[in-house]
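Please find below my notes on this model, written for someone who has not seen it before. The points can be read in order beside the structure.

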Amino acid sequence: NIMDKVQADNLPQFLTVADVMDNLKISKATAYKLFKRADFPAIIVGKKSIRVEVNAYIKWIDEHGSGLI
């Protein structure tokens, strides 16, 4: 179950690509693909940083399940 991998208590409020990589055990390339999806709730911070708010991330994972990437 994909939700077993997501543990909000151990995550910061805003997740980086590296956080998602570690949390889902996916490659950097796969994480960037995920962040670039139109339906993924990523936000741009400044000129170069991209993040996802933890609650939006968990909701997205819950809605998309194992077909996430």
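**Salt bridges, core and surface**

1. A search of the whole structure finds three salt bridges, a salt bridge being a side-chain nitrogen of Lys or Arg within 4 Å of a carboxyl oxygen of Asp or Glu. This is a predicted model, in which local features need pLDDT of at least 70 and side-chain atom pairs count only at pLDDT 80 or more, while totals for chains, interfaces and linings use all residues. Residues are numbered from 1 along each chain as its sequence is written, and side-chain values use heavy atoms, with hydrogens and water left out.

2. Asp-39 and Arg-37 form another salt bridge through their side chains, at 2.8 Å from N to O. Asp-39 is partly exposed, at 36% relative accessibility, and Arg-37 is also partly exposed, with a relative accessible area of 27%.

3. Lys-59 forms a salt bridge with Glu-63, with the closest N and O atoms 3.9 Å apart. The two residues lie four apart in helix H3, so about one helical turn separates Lys-59 from Glu-63. Helices (H or I, at least four residues) and strands (E, at least two) are DSSP runs, numbered from the N terminus. Lys-59 is exposed at 53% relative accessible area, and Glu-63 is exposed at 54%.

4. Which residues have the most contacts inside the largest nonpolar core? They are Leu-15, Val-20, Leu-24, Phe-35, Phe-40, Val-52 and Tyr-57, in a core of 17 residues. At least two core residues come from each of helix H1 (17-24), helix H2 (28-36), strand E3 (49-53) and helix H3 (54-64). H3 gives the largest share, five residues. A nonpolar core is a set of buried Ala, Val, Leu, Ile, Met, Phe, Trp, Tyr and Cys residues joined through side-chain atoms within 4.5 Å.

5. Beyond its neighbours within four places in sequence, Val-52 is in contact (heavy atoms within 4.5 Å) with Gln-13, Phe-14, Leu-15, Val-20, Phe-35, Phe-40, Pro-41, Ala-42 and Tyr-57.

6. Val-45 belongs to strand E2 (residues 42-45) and is partly exposed, with a relative accessible area of 40%.

Methods. Buried < 20%, exposed > 50% of the residue type's maximum accessible area, 1.4 Å probe, protein only.
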